[in-house]
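Please have the structure open while reading.

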Amino acid sequence: MIEPDLKRKILSGKRVSAEEAAALFREDDIHTLGELASAVAVRKNGRRAYFVLNRHINPTNICVNRCRFCAFSRSKGEEGSFELSIDEILEKLETSTEGIREVHIVGGLHPDRSFEYYLELLEALKAGFPDVHIKAFTAVEVDYLSGISGLSLRETLLRLKDSGLDAMPGGGAEIFSDSIRKKLCPEKIPAQRWLEVHRTAHRCGIKTNATMLYGHFESYDDRVEHLMKLRELQDETGGFQAFIPLSYHSRNTEMGGQSPSGIDDLKTVAVSRIVLDNFDHIKAYWIMLGEKLSQVALLFGADDIDGTVIEEKITHAAGAMTGERLAKEQIITLIRRAGRIPVERDAFYEEIKVYA
Ligand code: V47
Ligand code: SF4
């Protein structure tokens, strides 16, 4: 049972402590948890639920890191590896440009592509599609680009921004706990560096998202520690737009194991909404949760379901059963049937159309 004092605290908009957050994760009363999280979401965004007409593009799956939970990456020369030229990427947008407002670009850490390739890619996309916002490169990629360019983080980010980068996605955060991170992705930048990249991006005027990969080896305390670090950085910079809990998909991964239950997925959305009181938006990423659970998550604290997506490869490589895209009409229906108001947005949550 959730303590009446804690309920009152949440409903009056007061910040919960790490201990209280852990107690919420341990809570079995999922209905009350959902009700509280939903009240927090409605206080922030009314009954609005956002979506964007977007498309994913992965320039390459060749990656030097080979994280143990990643079924998407390949080593150079390995069967199934790919690398797209700038023309091939432009072609993908040309064939799906109708109405697209945001392109989400993330990929592997390629051993020999130059920094210039990425700058040229951004410039070509901006020149060809000036109305499409570019949300690209995780903190892990930005750190890698800083390494290959020999530039400081700040200089790297400013060059990317000058070439057309509008915002950054939240991937690569995984779980901040050092010991768990070592089991998951020993080659990946440490948590402190992930946070440093986002801090620097925010200082350069680049808005970013944040994620947490959950449902593997981590404990509830690890999840709380992760959320607390994000909340602290958001207090400092205010540069995060949305938080996206990422439900572990285990198929075809080296790490194996099981994926979290639907109850755990809903609980994680709800507790995130309550704990991250300084984040405006919580995304229920339908690609990972499934269309039906992401719809239910809109009543458990989420106010965004991402978007049309189109051509998602990372979660599908790890066994996602969802489709590769959703049509705008399907998204509108999904949101309406949850009793929420569909709002089409751009990459910065500017409202494009309210489907009242
Ligand atoms: O960085 C990789 C994760 C991320 C698996 O910012 C996995 O708007 C689960 O970050 N099971 C990419 N997760 C996805 C991502 C994202 C998605 C949608 C929107 C936004 C945003 C960001 O997916 C990776 C990694 O953390 N991931 N493998 C897996 N097997
Ligand atoms: Fe590479 Fe990212 Fe996959 Fe890790 S999660 S292996 S960094 S593509």
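Which elements each supply at least two residues of the lining of the largest cavity? They are α6 (139-149), β6, β7 and α14 (314-317), where helices (H or I, at least four residues) and strands (E, at least two) are DSSP runs numbered from the N terminus.

The model is predicted, so that local features need pLDDT of at least 70 and side-chain atom pairs count only at pLDDT 80 or more, while totals for chains, interfaces and linings use all residues. Residues are numbered from 1 along each chain as its sequence is written, chains are lettered from A and ligands numbered from 1 in the order in which they are written, and side-chain values use heavy atoms, with hydrogens and water left out.

**Cavities**

A search of the whole structure finds three cavities of 30 Å³ or more. A cavity is here a set of points, on a 1 Å grid over the protein atoms alone, where a 1.4 Å probe fits but cannot get out, and its lining residues have an atom within 4 Å of a point. Grid points are joined across faces, edges and corners, and a volume is the space filled by probe spheres set on the points.

| Cavity | Volume |
|---|---|
| Largest cavity | about 770 Å³ |
| Second largest cavity | about 60 Å³ |

The largest cavity is lined by 42 residues, of which Val 106, Gly 171, Gly 172, Glu 174 and Ile 314 are the closest to its centre. By class, this lining has 18 nonpolar, 16 polar and eight charged residues, with Ala, Val, Leu, Ile, Met, Phe, Trp, Tyr, Cys and Pro counted as nonpolar, Asp, Glu, Lys and Arg as charged, and the others, Gly among them, as polar. Residues lining the second largest cavity include Lys 135, Asn 209 and Lys 283, and its lining divides into four nonpolar, two polar and four charged residues.

**Ligands**

Ligand 1 sits in the largest cavity, in the sense that more than half of its atoms lie within 2 Å of the grid points. Its shell draws two or more residues from each of β6 (207-214) and β7 (240-247). Ligand 1 is surrounded by 22 residues, each with a heavy atom within 4 Å, and Lys 135, Gly 170, Glu 174, His 249 and Lys 283 are the closest. Polar side-chain atoms lie 2.6 Å from a ligand 1 oxygen atom in Glu 174, 2.7 Å in Lys 283 and 2.9 Å in Asn 209.

Ligand 2 also sits in the largest cavity. The residues around ligand 2 include Cys 63, Cys 67, Cys 70 and Lys 188, and its shell has four nonpolar, two polar and two charged residues.

Methods
A polar contact is a pair of N or O atoms within 3.5 Å; within protein, one must be able to donate a hydrogen and the other to accept it, and residues adjacent in sequence count only if both atoms are side-chain atoms. On a 1 Å grid over the protein atoms alone, a cavity is a set of points where a 1.4 Å probe fits but cannot get out, and a pocket is an open set with protein on both sides within 12 Å along at least five of seven lines; lining residues have an atom within 4 Å of a point.
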